[in-house]
Amino acid sequence: MTNHWIDLKNSDVILAIGCNPAENHPISFKWIEKSMDAGGRLIAVDPRYTRTASKADIYAQIRPGTDIAFLGGLINYALQNGLIHEEYVREYTNATFIINEEFDFQDGMFCSFDDQEKSYDPKAWAYATGPDGKPLRDRSMKEPNCVYQLLKKHYSRYDVDKVCAITGTRREDYLKVAKAFCGTGRPDKAGTILYAMGITQSTHGSQNVRAVALLQMLLGNIGIAGGGVNALRGESNVQGSTDYGLLFHILPGYLKSPEFDNVDLKSYLEKWTPKTKDPRSANWWGNTPKYTVSLLKAWYGENATKENGFCYDYLPKRMGNYSYTKIIERMGQGGIEGLVCMGMNPAVGGPDSNNAREALGKLKWLVTVDLWETESSIFWKRPGVNPKDIQTEVFMLPAASSVEKEGSISNSGRWTQWRYKAVEPVGDSRSDLHIIDEFYKRVKALYAKEGGAFPEPITRLAWNYGNGHEPDVHLVAREINGYFTKDTTIKDKDKTLEFKAGDQVPMFKYLQDDGSTTSGCWIYCGSYTKEGNQMARRDSSDPTGLGLFPKWSWCWPVNRRIIYNRASVNPAGEPFNAKRPLIAWDALEKKWKGDVPDGPWPPMKDEKEGKYPFIMLAEGHGRLYALDMKDGPFPEHYEPVESPARNLLSPVQTNPVVKLPKNVSSDTGKFPYVGTTYRVTEHWQAGAMTRSLPWLVELVPDMFVELSETLARQKGIGNGDMVRVTTERGSIEAKALVTSRLKPFNVGGKQVEQVGMPWHFGYAGLATGDSGNVLTPTVGCANTGIPEFKAFLCNIEKGGRKG
Amino acid sequence: MGISRRKFLQGGALAAAGVALTGKPGEAAVDAPELRTKGLKTTTTICPFCSVGCGLIVQTKDGRIVNTEGDPQHPINQGALCPKGGALFQIANNDRRLQKVMYRAPGSDRWEEKSWDWALERIAQRMKETRDKSFKAKELNKKDNNEYVVNRTDGMAFFGGAGLDNEECYLWTKFARAMGVGQLEHQARL
């Protein structure tokens, strides 16, 4: 989230698209209702009439996978009706930037597509630059090749009738949404967009998110109280686990994991440190060398020296894509011997589950670390297989629960909150921290004793977390924050700061690229300082009244509660909305008041020291037009890989840079219905954490499939009947839940029915049932690889497996 | 850490519970909250389910969790919880929780109970064998036909992390990269 949960109360209009907070983030509704009590309006856009929709002022039905059409239509509506926040757009976004003449968009395709490789060359989309190397701009936004004009042209195709023909939304509902949400383009109004997996789980998921961001930038809704682009994340610490780089392409703090041709530290930094020729751009990623070197110092301690490139050679270099589905694919081909699952359940949680379960059987060894038996840990005795045929050696390690250990987790609003140990772990279970510590120490001992392939990255790793039986979590938290490795003097404007070796670094602006500081994750620098553990704070003061609670826990970056907040003021530093000032420049004291600002510099109007607000981009301006997306600078509508409809906007049916797997089918004769998966309040994710809790099992005991009354009539299916749902990947059985909450979509004048189901079930635990993901396809977003769980084609028949 | 009983009562949660049980505010005291909470140790925690980050208080007696409920002082949830958060108690007290290290030999149809020491040593050996066997010091790039130093272990993958604490995630990524594991992925990719 750019903002945070409590901030929802500050919104005038809340647009929930591709999420269902009343169901999946129930307590968020406390703050949504607070907004509604004060006159705010809630809009729910969803294929189903959800719990959120039932509370909404406006509900608009949308066919799964058509979000870009829906949002593109809103972008067009705002532009055509003069509803954008013009000063914001002109000053803070790249609307005024001129694009080089090579750029083109024709018949659904951007220029520079390589048909063999199925990829674009984004160089063709670059800004036009002047002799000083700075991007050329036209502040009148009239130049035909400026971003504003290109944007206007691109989305002029997304008129209301075309959009509704694609999305299946009723015209009057769509217009209600457009009028209400685009009405927040005024400086005194705040609109927020909430989204979750309905937006990300798509072959154009990243572009869905970009469409959200584009609309919010046009309306001046990013950086303000009550605004923002707010991803409602799924797990209690998925924000933290992402921050810490548990993904193949990143290291902690969103540093890039090195690629094969970043042959040494110098070439790595050269490649990944963005540059700008504009002194008014803060270009915060220009600090990449400081954060990288501080990370390497945290990992390799005294062994990391300037001479050896701070042990950069010890990091693995990637060549290719090792995203989740690619790993499962390699596993299925026998290319992987060992897998460790720390609280993850690939037998249920990933797409095409039957295939994933088969792949687990190709492993030589599998370690699962969990609170429970999961479908992954007992895959070798799952229904329908003979354990004798599976040669995988399986270790099932019992893990401590959240109340049996101490540490921090980061919520969706980036609040990092400390948890305490209430009791000892049950039985012989141990904390994950303890287990990882044992993995490391034992592997290290083996390498020290026996030698082996390139042992140094392991044997020379700095791993100093106390002398206790278990690692001291506070020492880990202190290392994450970072400390000075030697006595250091830092000049910060008119102040001279003295630090001693071993002092905690107060904030990341003091991190250095010469080895004098460490930081295990630079964005968390400031979380554990000389003043102690900031994440454990419980001061409930709220000086702005906006619900920022600046002394409750700690949030990255630098305890800034709403990011990009310099965009909430005009170039003179005055809040756009005087009623809800987030930050304001005090010209007398020459400092910002309110939330922690996005950098200390004076307002943009200050010709010498002022900076643009979008500090993480080299050009300092929000990107209405992107330079580095794999599938184009503007989000463009394509159909899901399995779709009942032809693309009405262009002859290009699906995202052209996404390669299609074999086991997908858009044969509507065989699979006439749109399938989609989702979650319920009473269960969680792959189900291990809830399907063994009697209270929750009593509430939702069985796997079920929802279908409309019309489809039920047509198929002779009654409520509670067993049904079988089939896709090109496989079939499942479940109880039918016939409901008026599901309605067919109008697709090109034809009624297309939908079938919906939760994906929480599996064959392990107290409550068992077939897994929704047996049905879903292994095809993912062009940029992230996140699978298209939300839109596929299926058939439904009365009767279970035997039926 | 810890919340005094007085502060806790200021949140009104138990008082309200008393009202709900007896129906009459005047009789709330009959429910005698001080008896129920006597001798309890209270700590705070954050819900392990969704990402809202609701606060809970956890009350223990004789090393067992006897009560969990919404933290009335927490600014996000102000004492409220959803059904999952309300069921945290049953994670801590649940017969189905794994209590022992279990092992399944190749081709076997059953679990065997093992000691931590046995299992961890064997896992460390497996990790080392796989790493030594599959470690790639160099890799050929087919596009330019050059060999590059990659120092990567391709025979092993590490999954998971969204259910771990930050400090655990940090050691997990540090360990993974030191092992040369490029195939490090978790729930954020799904």
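**Exercise 1. Find which residue of β30(A) stands opposite Thr677(A), then place its strand in the sheet.**

Step 1. Thr677(A) faces Met757(A) in β30(A). The model is predicted: local features need pLDDT of at least 70, side-chain atom pairs count only at pLDDT 80 or more, and totals for chains, interfaces and linings use all residues. Residues are numbered from 1 along each chain as its sequence is written, with chains lettered from A and ligands numbered from 1 in the order in which they are written.

Step 2. Strand β24 (residues 673–678) and strand β30 (residues 754–758) of chain A run parallel, joined by five bridges. Strands are DSSP runs of E with at least two residues, helices are runs of H or I with at least four, and both are numbered from the N terminus; two strands pair if DSSP finds at least two bridges between them.

Step 3. Look for the antiparallel neighbour too: three bridges join β24(A) to strand β31 (residues 792–798) of chain A. There, Tyr673(A) has Cys794(A) as its bridge partner.

**Exercise 2. Work out how β24(A) is enclosed.**

Step 1. Count burial, where buried means 20 or more other C-beta atoms within 10 Å of a residue's own, exposed means 12 or fewer, and partly exposed lies in between, with C-beta atoms placed from the backbone. Six of the six residues of β24(A) are buried, so the strand is largely enclosed by the rest of the structure.

Step 2. Recall that side chains in a regular strand alternate between the two faces of the sheet.

**Exercise 3. Locate the buried side of helix α2 (residues 28–37) of chain A.**

Step 1. List the buried residues: Ser28(A), Phe29(A), Trp31(A), Ile32(A) and Ser35(A).

Step 2. These residues lie on the same side of α2(A), because they cover an arc of only 160° around the axis (the arc is that of the directions from the helix axis to the C-beta atoms).

Step 3. Ask what covers them: β1 (13–17), α1 (21–24) and β2 (41–46) of chain A are included. Just after the helix, Gly39(A) has a positive phi of about 100°.

**Exercise 4. Describe how chains A and B meet.**

Step 1. Contact requires C-beta atoms, placed from the backbone, within 7 Å. On this basis, 103 residues of chain B touch 132 residues of chain A. Helix α6 (residues 116–134) of chain B gives the largest share of chain B's side, 14 residues.

Step 2. Check the strands: β12 (residues 338–342) of chain A pairs with β8 (residues 156–159) of chain B in the parallel sense over four bridges. Leu339(A) has Ala157(B) as its bridge partner.

Definitions and conventions:
Two residues are in contact if their C-beta atoms, placed from the backbone, lie within 7 Å.
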